Amino acid sequence: QVVLVESGGGLVQPGGSLRLSCAASGSIFSIYTMGWYRQAPGKQRELVATITSDGSTNYADSVKGRFTISRDSAKSTLYLQMNSLRPDDTAVYSCIANIQGTIDNRLRVYWGRGTQVTVSS
C-alpha cells in the first residue's frame, strides 16, 4: 500500500510565501511523474504543476513565475514553493503521483488528501 501525505499549508497574507510538501511512503518500487492540483470552493479542480522523474516541469499559466515544483527522489518527497501568493491562490492543494508498487509491479495513480492554503489579509 502507498500513501501520500501533504503538509505545509496554512494562512498567509497576500504577497507571502508557503512551501508545501508531499511525502510518499509504503511499498514503492519507483515514482514517476508527480504533481500538484488545487481546488477552490465552487471551482473545478486545476492542475498547478507537474514534474517528471527526470526533472522536467510544467506549470499552469496562473502560477508561472511564482510557484516552483521540485522533488527529492531519495526522500520520495514532492515540494511546491509558492511565492507572491494572491487571494485567488486560496484552495485545497493535493499531490498526485504515478507510482509502481513492489507488491505487483503495477503502475497506479495515488492522491493525497490535501492541505488547505488560505491567502488573506
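Reader: What share of the 121 residues in the protein chain is buried?

Author: First, a caveat: this is a predicted model, where local features need pLDDT of at least 70, side-chain atom pairs count only at pLDDT 80 or more, and totals for chains, interfaces and linings use all residues. Numbering starts from 1 along each chain as its sequence is written, and side-chain values use heavy atoms, with hydrogens and water left out. Buried means under 20% relative accessible area with a 1.4 Å probe, protein chains only. By that cut-off, the buried share of the 121 residues is 40%.

Reader: How many helices and strands does the protein chain have?

Author: Helices are DSSP runs of H or I with at least four residues, and strands are E runs of at least two, numbered from the N terminus. On that count, the protein chain has 0 helices and 11 strands.

Reader: Which residues touch the most other members of the largest nonpolar core?

Author: A nonpolar core here is a set of buried Ala, Val, Leu, Ile, Met, Phe, Trp, Tyr and Cys residues joined through side-chain atoms within 4.5 Å. The largest one has 30 residues, and those touching the most other members are Trp36, Leu80, Met82 and Tyr93.

Reader: And which strand gives the most to this core?

Author: Several strands supply at least two residues each, including β4 (28-39), β8 (77-82) and β9 (91-101). The top giver, with 5 residues, is β9.

Reader: Which residues is leucine 80 in contact with, leaving aside its neighbours within four places in sequence?

Author: Contact means heavy atoms within 4.5 Å. With those neighbours set aside, leucine 80 is in contact with Leu18, Arg19, Leu20, Trp36, Val48, Phe67, Thr68, Ile69 and Tyr93.

Reader: What share of contacts with a separation of 6 or more comes from residues 24 or more positions apart?

Author: Take the contacts in the protein chain with a separation of 6 or more. Residues 24 or more positions apart account for 56%.

Definitions and conventions:
Buried means under 20% relative accessible area, exposed over 50%, partly exposed in between (1.4 Å probe, protein chains only).
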